[in-house]
Amino acid sequence: MAQQHSCGACRNGMAFEGTITMAFQPILDLSARRVFAHEALVRGTDGSSAADVLASVHPENQYAFDQACRVKALECAVDSELPALVSINFLPNAVYNPEHCLRATLAAAERVKWPLSDIIFEVTEHERIADQAHLLSILRTYHARGFLTAIDDFGAGYAGLNLLADFQPDIVKLDIGLVRDIGGDRVRQRIVSHMMRLCDDLDIKVIAEGVETIAECSALLDLGVVLQQGFLFARPSIGKTMPPVFPM
């Protein structure tokens, strides 16, 4: 654990040798019929998928990979002329010191003139978090620096209500398992309904990800989930993004 969070873990770690780019998928505000944000999703420059790229990430090079993704996301966001916030996934276990590990991000944002307030940092619940206090330190540091914060895949994985009790992010993204077929599933509807009331009380925005059908979209809207992301609206794309589809 000490090695993971020490400066030596960065200096002695391996460089990330793969060449990456970013695809972007829009997150829509269906109530305002506008794009709320774009999520940056890693891809290989040779056309390899996110899974292929992530298969080459291991403890020795994860810091370099995490840093490369942050910088590339901002560079590609500017090149793609994104009209909204950019959401960047980060690996908490790759961050040895929150302030030091932000240096490359801050430098890149200044270089490409991307406002810090227009960056969302997403932490995914699917990565096993060995040190909850360390994760909280990261999130609080990012918040203090002016970034927006989001818990991805909320409702699955290794964190959830316990994390929410200790830190209230700007956004939670409902796990795809809660979204899938929600239009015909009363239990999922009740769970999401209660989560919406909780997040509203805590002043947290909710995004439903993985929306694929009109029925899912409609059921989520009925529950008050106006921020949605998924193949129904647009697939991730590299380069200039295509206008998303507003189905209703």
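Start by selecting helices α4 and α5: α4 passes α5 in a right-handed crossing (right-handed if the near helix is turned clockwise from the far one by less than a right angle, left-handed if anticlockwise). Helices here are DSSP runs of H or I with at least four residues, strands are E runs with at least two, and both are numbered from the N terminus. This is a predicted model, where local features need pLDDT of at least 70 and side-chain atom pairs count only at pLDDT 80 or more, while totals for chains, interfaces and linings use all residues. Residues are numbered from 1 along each chain as its sequence is written, and side-chain values use heavy atoms, leaving out hydrogens and water.

Now look along the pair. Residues 62-79 form α4 and residues 103-112 form α5; their axes lie 9 Å apart at an angle of about 15°, so α4 is roughly parallel to α5 (angles under 35 degrees count as roughly parallel).

Next, show side chains. From α4, pick Q67, R70, V71, L74, E75 and V78, which meet A104, T105, A108, A109, R111 and V112 of α5 (contact means heavy atoms within 4.5 Å).

Then jump to A208, found in strand β7, residues 205-208. A208 is buried, at a relative accessible area of 0% (buried means under 20%, with a 1.4 Å probe and protein chains only). Beyond four places in sequence, the contacts of A208 include L174, V179 and L220.

Finally, colour by pLDDT, the predictor's confidence in each residue from 0 to 100. The protein averages 88, but residues 1-9 stay under 50.

Key:
Axes fitted to C-alpha atoms, helices over the stretch in contact; angles between N-to-C directions. Parallel < 35°, antiparallel > 145°, perpendicular 65-115°, else oblique. Buried < 20%, exposed > 50% of the residue type's maximum accessible area, 1.4 Å probe, protein only.
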